[in-house]
Amino acid sequence: MKRAATGALAVLAGALTAVVVAGAPADARCLGQGNGNTMQVRYNGITIAQERQASGTCDGDGIYNGQVRDLREDGYAAQVAYVDGSFQGTVAVATTSTWKNYRFYDQTGNNSAGIIFWSRPETRPEIPASTYGY
């Protein structure tokens, strides 16, 4: 009985595996001025949400212009949160595959912050990714 329960838990854990995968050549965020790309959330091998820079960002003015969308209407929403100085909060929520614009203003004057991007609760990263030069 104990072996069967352990096996069932291993199967369940495998089904809930989620990974935030970087788009090619860099993660979705600014990695210095003029360098931003798409970020995606993958769940069971399928891309379920995307975030990308919008025009007028990664230019050093302290304003990140982004877009987010949820590719699966499954009751969960694609969400983007920022951590910057004493600020920590969700700045965008998307529930459909239509790109939704959002804007984040630098809170500390250094054009650098942490970004957290997820869709399902089990895909939320524990540690924010770094974004700078926006």
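1. Contact here means heavy atoms within 4.5 Å. The model is predicted. On that basis Y64 touches R29, C30, E51, R52, Q53, T57, Y82, Y102, R103, F104 and Y134, leaving out residues up to four places away in sequence.

2. Y64 also belongs to the largest nonpolar core, which has 21 residues. Y64 is among those with the most contacts inside this core, along with V68, V80, Y82, Y102, I115 and F117. Two or more residues each come from β2 (39-43), β3 (46-53), β4 (63-70), β5 (78-84), β6 (87-94), β7 (100-105) and β8 (112-118). In soluble globular proteins, nonpolar side chains tend to be buried together.

3. N65 sits in strand β4. N65 counts as buried because its relative accessibility is 10%, and the cut-off for buried is under 20%.

4. Which partners make polar contacts with the N65 side chain? One is R103: the two side chains are joined by a polar contact of 2.7 Å. Another is G56, whose backbone oxygen lies 2.7 Å from a polar atom of the N65 side chain.

5. Beyond four places in sequence, N65 touches R52, Q53, A54, S55, G56, T57, Y102 and R103.

6. P125 lies in the loop between β8 and β9 (129-132). Its relative accessibility is 26%, so P125 counts as partly exposed. Outside four places in sequence, P125 is in contact with I116, F117 and W118. From P125 to I115 the C-alpha distance is 9.8 Å, at a separation of 10 residues in sequence.

Note on methods. Residues numbered from 1 in each chain as written. Predicted model: local features only at pLDDT ≥ 70, side-chain atom pairs only at ≥ 80, totals over all residues. Heavy atoms only, no water. Core = buried A, V, L, I, M, F, W, Y, C linked by side-chain atoms within 4.5 Å. Buried < 20%, exposed > 50% of the residue type's maximum accessible area, 1.4 Å probe, protein only. Helix = DSSP H or I, 4+ residues; strand = E, 2+ residues; numbered from the N terminus. Polar contact = N/O pair within 3.5 Å; in protein donor to acceptor, adjacent residues only side chain to side chain.
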